[in-house]
Amino acid sequence: MQRIPEEKIDEIRSQVDIVDVVGNYVQLKKQGRNYTGLCPFHGEKTPSFSVSPEKQIFHCFGCGKGGNVFSFLMQIDGLSFVESVKKVADLAHIPLDVAISQGDSAPGNKPDSQESKMIEIHQLASKLYHYLLMETEEGQEALQYLLDRGMSEQELDHFEIGFAPAHASTVTTFLKKREVDLALAVESGLLTERDDGEVVDRFRNRIMFPIKNDRGQLVGFSGRLFNQEDGPKYLNSPETPIFNKRNILYHFSDARQEIRKKEEILLLEGYMDVISSVSATFSNGVASMGTSLTEEHVQMIRRVTNRAIICYDGDRAGIEASFKAGTMLAEQHRLEVFVLQLPNGKDPDDFIRSEGAEKFAEIYTHQRLTWTAFKLQFFKRNRNLQNETDKIAYLGEALAEIGKLDQAVERELYLKQLGSEFDLSMEALKQQLQQTVIVKPKPHDYGGPPPEGYGEYPSYEGDGGPVYEQFSFAQPSGVPSAGLTSEKRLLKYMLEDRDAFIQIRNLLEEHQTDFYHDNYKALYTHLIGFYASGNDANPLALMDQLKDDMARNLVSELEMMTVNTDVSIEEYQDYVQSLTKSSIERDIKEKEQALLTATQQGDIPAALELARTITTMRATMKNTPN
C-alpha cells in the first residue's frame, strides 16, 4: 500500500473551490471578499460562519471551528482524512491512481468502518436491482407498470430504480458469490434472518427506490408493491447504523445545488412526486421517508435555504400534513413558507403526468399561497360559515393570525380580504384586531437590564418569562489584550512567510521570551517542525498535518485576520517586546500576590525581598519599549 503523495493532495485541494463544497451544506451569501452563513456546527440565529475563497479556508467566529476543504468534510460528514481526500478528488474528477491504505495515508485516519461496508453492500444490491428491472424478463412486468405511469427510461436510470424479484434468496445468493459478510448485510437491513436462522432477502416482488443520505451515500431502500395488495404499499429499510428516517430526505443530496440556485426547497410527500417534479425541471424537490417532518429534517433544510414550498397531496391527510409541516418551519424555525394547492385534490405526480410541466410551473410560480393565506383557508375547514357561532370563532382565529404579522401592509391586505368576504368594515376589524393582539412587553418591562454576560434583549419568551441568549466574549485567560494581539500577529506572519518565521524565532530567542497561551505555544511548536521538514509557507498543507482540531481552528482564525503585508523587522521586534512586557506584568502580579500573603503571615524578610524584586521588575518593564 502507498501513501497519498503530498503533491497529489495539493493538486486535489487546488482543483476544488471550498466555497462550492461548503455551499452544498451551508447557505452562503457574498459579503465583501468572503462568504457568510449560519454555522452548521452549532445553532445560531446570526451568521458567524465565514468562508474565504482567497485563502480557501472556513472559520466560525462563534464556535471557533475552522480549517480547509478536507477538514470541513471530516467534521461535517464524519470522514477520515483519506475519505475526505477521496471525496474532494471525485468532485474535481481527479483519479487517485495509487493504492490507499486508510490506516497509513495521513494523520487522523481510521480503517474502513462497518458503516462504510454496509454502504458498499447497498451499492452492490442497487446495481443488481436496477439490472433486474431494465434487462431481465423477470422485471418486465414492473418495468411496464412504471412506463405506463408515465416514467421514462431516462428517469429510471437517473434515479437508479430497480426491481426485487419474489424469490427469497436473489440478493442473498448474489452477495454470497461475492463473499460479502451476510451477517453484516442483515445488520444493514438489506437481508433478514428467519426464526430458523436462514438468511433471506428482505425485499421481494417490489419496485425498489434507492435512498441516499445527505452526503449522497446509499444507505437504504424503499420497496413499493405494484401488482398485489398483500402487505404495506411501501416497505422501508429498518433503522440501522446507516439508516434513520428522521435524518433522511429523499433526493436531498442531489437537489442541494438546485435548492441553493433557486434559494428555496420544494417539499413533497412521495418518491414519485419527486421524480415527476424533476422531470418538470423542478430539481429542488425532496420528500420525507413516509414520516412527518422532523427536527433533523428542518436542520438539514436550514443549512441550504430559508424558504420552503410545501406541495403535499390535496386530500385531507395531505392538507393536515401541510399545516403541521408549515407550523414547524414557519413558526418554530422562522423559515419563509409557501403552500401549493393543486386543483381537484391531485398529488404532484398525478398532476404533472396529466396536466403537464408548464401547468405545474404556472401554479408553482404564480399561485403559491403565503403561509398566512394557507392558514386562513385551513381554519375554515370543518366550520359552517353560515352559522354565526362558527363564523365568529373563525374570525377570532383569523384575526389572531393576522395580528402576528410584522408588516402593516400585510395586515391591511388580509383585513381587507376578511372585510370583503364577511361584509365587515375595516374600522370594526381593526378595533377587534387591537383587542385580539397581545402587546409584548419591552425590555425594561422585565425589571431592568439582562443578567451580566448576556445579550441586551431577550431572544425569545419562555414559560417563565424572558430567555436570554448568552454570548461569550472571553479572551484566553490571563492574557492581556496587547500581548494577545502581539501573539496573534506574530503567528500570522510566521504562518504565511518562512523568512518571517526565521526572523521572529531569532527575536524570541534573543529576548528569551515565548508565547504565553498554550494553544499559541503549541502552534508555534508545530510550525518549527513544519519548516524543519523543508516545507515552504503553506497554511492549508499545515492544517492537513495537524491532528489537533484546536490547532487547526487557530490557523483558520489567524488566516481570517487582515494585517499589513509590508512589515519590517522593527515591527516584529515591537511585537516580541510586547510579549516580554506582558510576561513581566504577569510575573509582577504573581509576586504582588506572594507579597500580600507574606505580609499577612508576618514573614517580614520574605516580604522585603519580594518588594525589592517587584521594584526591580517594574524598572525593567519601564525600560522595555512599548
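Modeller: Lys55, Lys492, Glu496 and Glu559 are joined in a network of salt bridges, where a salt bridge is a side-chain nitrogen of Lys or Arg within 4 Å of a carboxyl oxygen of Asp or Glu. This is a predicted model, in which local features need pLDDT of at least 70 and side-chain atom pairs count only at pLDDT 80 or more, while totals for chains, interfaces and linings use all residues. Residues are numbered from 1 along each chain as its sequence is written, and side-chain values use heavy atoms, with hydrogens and water left out.

Colleague: How many salt bridges does the structure hold?

Modeller: The structure holds 33 salt bridges. Side chains of opposite charge can pair when their charged atoms come close.

Colleague: Which side chain does Arg246 meet in a salt bridge?

Modeller: Arg246 meets Glu296, at 2.9 Å from N to O. Arg246 lies in the loop between β11 (234-236) and β12 (249-250) and Glu296 in helix α12 (residues 295-304), so the pair ties together parts that are 50 residues apart in sequence. Helices (H or I, at least four residues) and strands (E, at least two) are DSSP runs, numbered from the N terminus.

Colleague: And is Arg246 buried, exposed or partly exposed?

Modeller: Arg246 is partly exposed, with a relative accessible area of 41%, and Glu296 is partly exposed as well, at 29%. Buried means under 20% relative accessible area, exposed over 50%, and partly exposed in between (1.4 Å probe, protein chains only).

Colleague: What about Glu320, which residue does its side chain meet?

Modeller: Glu320 forms a salt bridge with Arg381, at 3.7 Å from N to O. This pair links distant parts of the chain, with Glu320 in helix α13 (residues 316-332) and Arg381 in the loop between α16 (371-380) and α17 (388-402), 61 residues apart.

Colleague: Changing topic, where is Thr172 found?

Modeller: Thr172 is found in helix α8 (residues 170-177), and Thr172 is buried, with a relative accessible area of 3%. Leaving aside residues up to four places away in sequence, Thr172 touches Leu182, Leu191, Val199, Val200 and Asp201, contact meaning heavy atoms within 4.5 Å.

Colleague: And Ser253, buried or exposed?

Modeller: Ser253, in helix α10 (residues 252-262), is buried at a relative accessible area of 16%. The residues that Ser253 touches, not counting those up to four places away in sequence, are Lys212, Asn213, Asp214, Arg215 and Gly216; for Lys212, 41 residues apart from Ser253 along the chain, the C-alpha atoms of the two are separated by 7.3 Å.
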